[in-house]
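Here is a short report for a first look at a structure. Please keep the sequence and the 3D view side by side while reading.

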Amino acid sequence: MKTQTINTKQEVAEKTQRISGSEAIVRSLMAEGVDILYGYPGGAIMPVYDELYKFQDKIHHVLTRHEQGAAHAAQGYARISGKVGVAMATSGPGATNLITGIADAQIDSTPLVCITGQVPSHLLGSDAFQETDIVGISTPVTKWNCQVTKSEDIPEAIAKAFYIARSGRPGPVLVDITKDAQFGELDFKYEKCKGVRSYYPVPKTSQASINAAAELINNAKKPMIVWGQGVILGQAEEELKAVIEKAGIPAAWTILGASALPTSHPLNIGMVGMHGNYAPNKLTNECDVLIAIGMRFDDRVTGSLDTYAKQAKIIHFDIDPAEIDKNVKTDVAVLGNSKESLAMLFDALNENTHESWLQEFKNLYTIEFEKVIKNDLHPTKEGLTMGEVLKQINIESKGNAAIVSDVGQHQMIACRYSDFNITKSNITSGGLGTMGFALPAAIGAKMAAPEREVVAIIGDGGYQMNIQELGTIFQQKAAVKIVVLNNEFLGMVRQWQQLFFDKRYASTEMTNPNFVAIAEGYYIKARKVIKREELADAVKEMMTSKESYFLEVCVEKEDNVFPMIPSGASVSDIRLS
Amino acid sequence: MNEEIKSLTISVYTENNIGLLNRISAIFQRRHINIESLTTSQSEIDGVNRFVIVVNVTETNAIKIVKQIEKQVETIKAYCHTDEETIFTESCMFKIKSDLLFDEPQIQNIIKESDSNIVTVNKEFFVLEKSGRRNEIESLRRDLNVFGIMQFVRSGRIAVTKDEMKITEMLSAFNNQ
């Protein structure tokens, strides 16, 4: 370890102790406050599992049924709690199976520490059994990674890993530890990492940038905020609300920003992006000042960049300097932590209201309601809609549940129609779009916040990508509520095939198994709903259940999600049908 | 908006850690940008490495790449410069049959005029070394190619900037924390 770090002397071990590398790993995790980790044992990580056995009253290891499940469960844990999620796997296939979860955490800025076992250092590079270059493989999808081959380097590597994962813009890190380093001994002393000399996690917010932003906003006639997950990661929900209310600015959210401000807030104008709400998408191209806060102008948000908010002055708040001008050229960039920068902005803003501008959003909402929302939430046709299932969940949860969605049509419906009163309640795979995310992520979320109601909303496709995690739910008695919205199709792909490929439904129709029987095979209470009359009762039964519960709802097979901005089109060309 | 593609030199100060080269080169690979040359060495500061990377891209893209490089935890600082803002050179070596030195008197003139140095001579071969701009090295290679070259190798560009790069201050700020 050549990198210079700042450490503070504190935590568990005041005096040096001679212990094994594997014990040092477990003690380091405990020193970082880890009480739950998700993983799967195997040859090269066995010494650590032996220590976990000894410390099982202090640190709870959750055996998932696949390492991908472990990574996603750690993500769910991190997303609902704001703490670092921990996943562990053996070398070779164990490590490579973590990769999808790591990539997902990287693009969605989720703090994860992944610990992998590695073959003994004398075998590195020899194509040994279960050897894989996991540091090389994980490099493009980690914030930082390293390989430890000496026992004495373990505490420092883990301290650095936690510091890097959680600081600044969070992200996944991977520490690969050879088996000989686990077996070897060291003088253990744990010092938490407080800084790395080449790493500047939080740029300072300049007062000049705040003044420039405030001047634009104070003079704006049609200002609009689009906030993202940066508000949640920066714990700046209150500051955001204060800014919105003081300046009277209509505010929209990206998919990962959902729940930072309650859905019911009068200035909350809905979701932007491909399947977002009509008004905020359409009016992105009408506003005079666009204030982006902790979001990154993803292509699913902006559509065609050539026609995105060209009329507006752009103010971009972000903690990551690399996001400034990456996709959209900004007029004012405000760097720094959103909690601080928004508090500074608040002080510089004039009190204001924009009633006629807000009315424009309301008018467009009425159009969206008539053309789309009414049919989704109050359908008159025979087939069940995904929207009415979400509406029923809202009724039972009163907007207090954490909704963990997978990827596809049901995800867009879940994000569009869920009521959120509490922050960190929308847990979904935004950037990577990882099918199979929801079931294991819901396990992690429920275990991190057992007091919360956690409802996984999953399609019949994504459910079968990590269906094995039902075993984890059963073994851990994790009271996760699982809703599968079954349309017997890979619905989102089918929708694109219908709209853009002349209805050639190539490999999107699914012949599904008896999902209720499978859930019951794992001793999970299960129910299937086919008719509208049964829905309210079934959702109520699920939500009042003290234990995990599986609910399959057979929905209309060929429903589409609207509004929709066709790929590459302008936000103002958003379609309602 | 067709921005001009330029030859740009990206200088990166980093920690000297295993795997960092991979992390930095991946930033170019991911954007389908060919690296024209890459050199890494000790910098003016003990324990701090310096990468000199030459790419042909637009300045807008170069700035984005520099930010992505700086985002890496073990990067201390990255800069982007045009050719006019740097002093740069490359170096090369030629291995040539010794007989030619005596049989082809013209070779001796080429060596003298090209400002290159003979590193070693033995019965079988001699080795010629030259530092300079790419066009000078290319011109020498063409001249010698007529007589036959046993081996030729050229290094990547190394460059220093005309402006100062304030790395030492950044590092001492860390140490004073």
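How far apart do the C-alpha centres of domain 1 of chain B and domain 2 of chain B lie? They lie 32 Å apart.

## Ground rules

This is a predicted model: local features need pLDDT of at least 70, side-chain atom pairs count only at pLDDT 80 or more, and totals for chains, interfaces and linings use all residues. Residues are numbered from 1 along each chain as its sequence is written, while chains are lettered from A and ligands numbered from 1 in the order in which they are written.

## Domains

Domain bounds come from an automatic or database domain assignment. Chain B is split into domain 1 (6-87 + 158-175) and domain 2 (90-154). Chain A has domain 1 (5-196), domain 2 (207-361) and domain 3 (382-554).

In chain A, the C-alpha centres of domain 2 and domain 3 are 30 Å apart. Contact here means that the C-beta atoms of two residues, placed from the backbone, lie within 7 Å. By that rule, 12 residues of domain 2 of chain A meet 15 residues of domain 3 of chain A. The domain 2 side holds seven nonpolar, three polar and two charged residues. Ala, Val, Leu, Ile, Met, Phe, Trp, Tyr, Cys and Pro count as nonpolar; Asp, Glu, Lys and Arg as charged; the others, Gly among them, as polar.

## Where the chains meet

Chain A gives 19 residues to the contact between the chains, and chain B gives 21 residues. On the chain A side, helix 5 (134-138) and strand 10 (191-196) each supply at least two residues. Helices (H or I, at least four residues) and strands (E, at least two) are DSSP runs, numbered from the N terminus. The chain A side divides into nine nonpolar, five polar and five charged residues.

## A covered helix and an open strand

A residue is buried if 20 or more other C-beta atoms lie within 10 Å of its own, exposed if 12 or fewer, and partly exposed in between; C-beta atoms are placed from the backbone. Helix 1 of chain A (residues 21-31) is mostly covered, with 10 of its 11 residues buried. Among them are Glu23(A), Arg27(A) and Leu29(A). Gly33(A) follows this helix, and its phi is positive, near 85 degrees.

Strand 6 of chain B (residues 117-121) has five residues and zero of them are buried, so it lies largely in the open. Two strands pair if DSSP finds at least two bridges between them. Strand 6 runs antiparallel to strand 7 (residues 125-132) of chain B, joined by four bridges. Ile118(B) has Leu128(B) as its bridge partner in strand 7. A hairpin of three residues links these two strands of chain B.

## The sheet of chain A

Six strands of chain A form an open sheet in the order 18-17-19-20-22-21, with parallel pairing. Strand 18 and strand 21 (525-529) are the edges, each pairing on one side only. Strand 21 pairs with strand 22 (residues 549-554) of chain A over five bridges, in the parallel sense. There, Lys528(A) has Glu552(A) as its bridge partner in strand 22.

## One loop residue

Thr423(A) sits in the loop between helix 16 (409-417) and strand 18 (426-428) of chain A. Is Thr423(A) buried or exposed? Thr423(A) is buried, because 20 other C-beta atoms lie within 10 Å. Leaving out residues up to four places away in sequence, Thr423(A) touches Ile232(A), Glu237(A), Ser259(A) and Ala260(A).
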